[in-house]
4 protein chains.
Amino acid sequence: MANVQIEELRKKLDEINDNLLDLINERAEIVQQIGRVKKTQGMNRFDPVRERKMLDMISEKNEGPFETSTLQHIFKEIFKASLELQEDDHRKALLVSRKRQPENTVFDINGETIGRSGTQTFIAGPCAVESYEQVAEVAKAVKKQGLKLLRGGAFKPRTSPYDFQGLGEEGLKILKKVADEYDLAVISEIVNPADIEKAVDYIDVIQIGARNMQNFELLKAAGSVDKPVLLKRGLSATIQEFINAAEYIVSRGNNRVILCERGIRTYEKATRNTLDITSVPILKQETHLPVFVDVTHSTGRRDLLLPAAKAGLAIGADGIMVEVHPDPAVALSDSAQQLDINQFNKFMDEIKNSGLYNKTDKTSPSTI
Amino acid sequence: MANVQIEELRKKLDEINDNLLDLINERAEIVQQIGRVKKTQGMNRFDPVRERKMLDMISEKNEGPFETSTLQHIFKEIFKASLELQEDDHRKALLVSRKRQPENTVFDINGETIGRSGTQTFIAGPCAVESYEQVAEVAKAVKKQGLKLLRGGAFKPRTSPYDFQGLGEEGLKILKKVADEYDLAVISEIVNPADIEKAVDYIDVIQIGARNMQNFELLKAAGSVDKPVLLKRGLSATIQEFINAAEYIVSRGNNRVILCERGIRTYEKATRNTLDITSVPILKQETHLPVFVDVTHSTGRRDLLLPAAKAGLAIGADGIMVEVHPDPAVALSDSAQQLDINQFNKFMDEIKNSGLYNKTDKTSPSTI
Amino acid sequence: MANVQIEELRKKLDEINDNLLDLINERAEIVQQIGRVKKTQGMNRFDPVRERKMLDMISEKNEGPFETSTLQHIFKEIFKASLELQEDDHRKALLVSRKRQPENTVFDINGETIGRSGTQTFIAGPCAVESYEQVAEVAKAVKKQGLKLLRGGAFKPRTSPYDFQGLGEEGLKILKKVADEYDLAVISEIVNPADIEKAVDYIDVIQIGARNMQNFELLKAAGSVDKPVLLKRGLSATIQEFINAAEYIVSRGNNRVILCERGIRTYEKATRNTLDITSVPILKQETHLPVFVDVTHSTGRRDLLLPAAKAGLAIGADGIMVEVHPDPAVALSDSAQQLDINQFNKFMDEIKNSGLYNKTDKTSPSTI
Amino acid sequence: MANVQIEELRKKLDEINDNLLDLINERAEIVQQIGRVKKTQGMNRFDPVRERKMLDMISEKNEGPFETSTLQHIFKEIFKASLELQEDDHRKALLVSRKRQPENTVFDINGETIGRSGTQTFIAGPCAVESYEQVAEVAKAVKKQGLKLLRGGAFKPRTSPYDFQGLGEEGLKILKKVADEYDLAVISEIVNPADIEKAVDYIDVIQIGARNMQNFELLKAAGSVDKPVLLKRGLSATIQEFINAAEYIVSRGNNRVILCERGIRTYEKATRNTLDITSVPILKQETHLPVFVDVTHSTGRRDLLLPAAKAGLAIGADGIMVEVHPDPAVALSDSAQQLDINQFNKFMDEIKNSGLYNKTDKTSPSTI
């Protein structure tokens, strides 16, 4: 009985929706015409006085049940949309969205294919570049494990101005030297828009760190060069904010962007951050970009790196990033959470034996 | 010429606006009808599947000039507004809602008027009842400051089963004895629905603690007796959940409920919890119940009790709860955040001198 | 050079630690002697006046670098420990801790072994019991998939007092009937301590829900009966609070407790809660209890159930709980996140094909 | 007899207490020395591996009567206190810390004294600069209310690259023109380190926004010019991170920094952010910098601006920032939370009548 009632009411609703749809589009056409006339007269499209007047008329004529403020909010959305329509309607569909591009973005870095369903990439290396020897020792181990991407921080964003800030350009040079010797691609964080141009000479992937996820000037700069970018999720960024940050890069012409989940800030302090594992399938659904998991910063605990990596692979991540240091106990940063070379080898062996890594018959994670 | 054209187009626009206004309100009425049918069936008002379907229909039927994503955004706003309208209906229906009862709920406890605009109440006392002497010493100080409500925990919900769990019924008897001797009303937490009936013989206000804010059986039991209830906000309860918890009590017939903000759990660890100070005016707007601030548990720091109490009074709280112990350093619980008697006297003196407490000319906090 | 300095300073520190250790234990022996003398005299062990005096002496004699308040805090810990020593030192090591019992707690429910390394258990069933037919239809599907545990809510803790509260005892009877017919064990939530005794006649596993994780009276009641308990993590409970809640149950004599991660409350609203996936290996490390993942409530999204289940299995969970309903769109609760029968079959098939479920050669998740 | 025995045992206890006191302080001195060596090496003070080792040694050497877990708990407290002592040393060392400079930092902007106890400053203006007329209209109202600081955004950091990004340098020019005409100082956000130098020609206070609180290159650039800086707390920054961000600026030579609480990101969505009101007294205690409250972004609700401002003043804020727009309904950003001119006048009038603003006899918020 109730269901019958609901069905009837829904039919009425559908009719109203249709009428609304027609009216809103009809309205948009008129606004476009006004815009064209205005353009010929050199008049500004945005006319706040006229807008105010229309909102006042709503106030006068409204008889409910909606409150006037609610209706004004809805009309404001219609006005705004109309204004945007006059500018560039096509930008509305985000370039990074899977609706716009159903197939995965797949690209190649140093012979490693990133983003292809069924293939996963591991990125390993020290938190910070400390010396040539330190980086070379890790590079050797990374190479031996068959990996092709080495990470290392040259510019280190640190909470305190008195903490070790990285070796800067000197660090980039060390990375470049080691990368050439071991035939590895290197990934390193850049923190100043002014450094992006220079950095492309030294590194293969630009990392944008969590603290800079909404440093929009940096995003724009990274979008203007021809290098892949690994973009980390902000400390407490929503998934929508994360996707929009990627859009800043892609909208400038650089579409080789890797999204990297690295844990979010919550009340729970047993881990450094809370690894938001389901962000991986959500990001894979909503965008066509490759999605990685940084197991080091999300957990902040050496004993959780392997379990977190397995979970990441099982849920469909395209890659894992992990920090490795020849002697973590004396590392200049993040000593509690980096693997030493032995631990790294054990880590990779367990990953390879887990059945979760580069399975030939791997099907992409399906959804119901 | 152009102006004539524009004027004509604007007239058309105004007509469309009028039609849109009518249709959107007509639509809202139908949604309200659906909501009412759903309510009788106990169905959830928000139906994402149905919403998806409507959005898909827009996609099918749209012929521009708006992009489908733009239209879907506008319709989402209309859907959201409709949902809020239903929630608004629902909130209007809640017994605790100010839309249902515009005037404040005001009641008397031991000669103290609770909830009257311009009057504030202080509740003070030890975290836990430890002995007759301890409670009596605090009661003496509380009385001397002119206060009329004494708090003290007899049943202590503790994280570990091996921590001091309170003196139980023995503690209630001590409270009753001291209350009688000093002519104070007592407030104490009850944790088991089965104890509510018994407790009313000993205490004047039943406290329901943060951990039990969604212990619905306890709420129902507290709603079935004729005693005021002080309900604390849950550790991470939303304001809506808090209001609904109060509704559980009032819906059973007990309308003397005090809401008590006591801080929420966030990532910030400089304070024990984060005092959500703007919850006070929100709760005052949305309900007609008195709203208190527990400065002890929200901050967990002795040095913040006075500033937090001032902020609470300034923002419109009807009362403040604070913990006092003859010798906090040896207290069996919460030793870091209770005031000793001297500190309590200084605290009350500063409050009385602040111009924020029981001002005769106090106007209720106004909103714009 | 600096490392040499540090090594020397650390040696000194180790010596002081040794001396402190001896002194603190020597002190404890004297306190025990005092306790024995007091006992023969019927004197109260806790003497706040004496304690105050000792704290005052620290204040007088302290010459830094510690502030007096810090030292008093440390001594307070020593005093408290001494007091507890007199009571029952042995309770201090939590019964649930893996340090106390290195091997897994393993037990049997209806022929299903819970908690054995390499074996995983699936629990499926509707959010709420609505009718015999509804439960029976799900039970049939659950049985067909080879599972042995059926879930279903009879007492539903709901935010609003006006939402569907479950069928209560009637619901338990339906569950019992269906369980008998399909030879399944049933798990159902109990919310009132007074109902625990009665419930054991109908159900095989008592569920304690997230909102009741710190309803200590309910935990105590569940600890006093001879039924396995599935304890869900609170909405914003820390892992330590979760472990202590389990200890409440085990300390009363019931050691068949399953811990269930069900997501925590964070700022991110793309999912209903944020699945704290690394809590699984942490709980496995810190306790010997089986750990499950509730994929339904942690994600609140049908499209994430399968990915989340895979991640849970990969990271070492002992079991997965998932909600199934014959027609989710019309379910009285949680309609957006329950699987229908077809989806459930597909879900189980993908799990079985994933290589993550009941692998014969499965080794327990190792840590580095 | 028993009393004699007890007295003797207590004497022994007192001696042990004395020895413990000495040892614990001696230990603290060594830890401080280690801390100083580590600092010169840029090593992290907290070393969990070393801590584990010390705890293990206790386990090996303990012969009772305390359980090892109890002793480990006591030692953990000693470790923690030692770490805090080092942090305390560190905090003392920060240039912004009140331990280093006990008196308030007080400076003058356009005749307005910022940071003096008993004086509060209001900053008002539109979210974004849209046109000369819009800014001038607000400036006129701001001037009429006797205020001296005008805010307005020229560079707008927006979540989406397609949202209105501000008028840029054109906006700064409008601000400068209006400021000159109305004799107001202007405050505006700068987002690119490269723009800082240029900006000082147009504006009087550089704002660094919440999203850029840890954009360390921007902080360094702002620290290198001779202009006051208003630094907003990050979306989910801890108070310690906030203080360290300010230290970045001050350490470069610019000590005119205003800290601005603007709400933190939590699970609660009734407000745009959660105003962390007790951060104000904490920041006042820990630093000597002026502390403001941005009531617009912390609440995101027009109806909460006045209550939040009152709470801010009552708890000791040195100033309040609020957004004002001639016609919020047509604003290009933040339309739901800006005041119109009438509302702004009413807001200021209520503030002036509240007794909380620029009281001549105002004493600084005291702590107990």
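UniProt positions are given here in the numbering used for this model, and such annotations may be inferred rather than shown by experiment. The structure before you is a predicted model.

I begin with chain A. The unreviewed UniProt entry annotates residues 6–33 of chain A as a "coiled-coil region". In the model, that span is 100% helix and 0% strand, and its end C-alpha atoms lie 40 Å apart.

Over all chains, a search of the whole structure finds 16 aromatic pairs. One of them joins F122(B) and Y357(B) in an edge-to-face arrangement, with 5.1 Å centre to centre and 85° between the planes. F122(B) belongs to strand 3 of chain B, residues 121–125, whereas Y357(B) is in the segment after helix 12 (341–353), so the pair ties together parts that are 235 residues apart in sequence. Both F122(B) and Y357(B) are buried.

Chain C has a pair of its own. The ring centres of F122(C) and Y357(C) are 5.1 Å apart and the planes meet at 85°, so this pair is edge-to-face. Because F122(C) lies in strand 3 (residues 121–125) of chain C and Y357(C) in the segment after helix 12 (341–353), parts 235 residues apart in sequence are tied together. F122(C) and Y357(C) are both buried.

In chain A, F122(A), F347(A) and Y357(A) form one aromatic cluster.

K177(B) lies over the face of Y132(B), at 4.2 Å from the ring centre. In chain C, the charged end of K177(C) sits over the ring of Y132(C), 4.3 Å from its centre. Thank you for your attention.

Notes
Residues numbered from 1 in each chain as written. Chains lettered and ligands numbered in written order. Predicted model: local features only at pLDDT ≥ 70, side-chain atom pairs only at ≥ 80, totals over all residues. Heavy atoms only, no water. Helix = DSSP H or I, 4+ residues; strand = E, 2+ residues; numbered from the N terminus. Phe/Tyr/Trp six-rings, centres within 6.5 Å; stacked < 30°, edge-to-face > 60°. Buried < 20%, exposed > 50% of the residue type's maximum accessible area, 1.4 Å probe, protein only. Lys NZ or Arg CZ within 6 Å of the ring centre and 35° of its normal.
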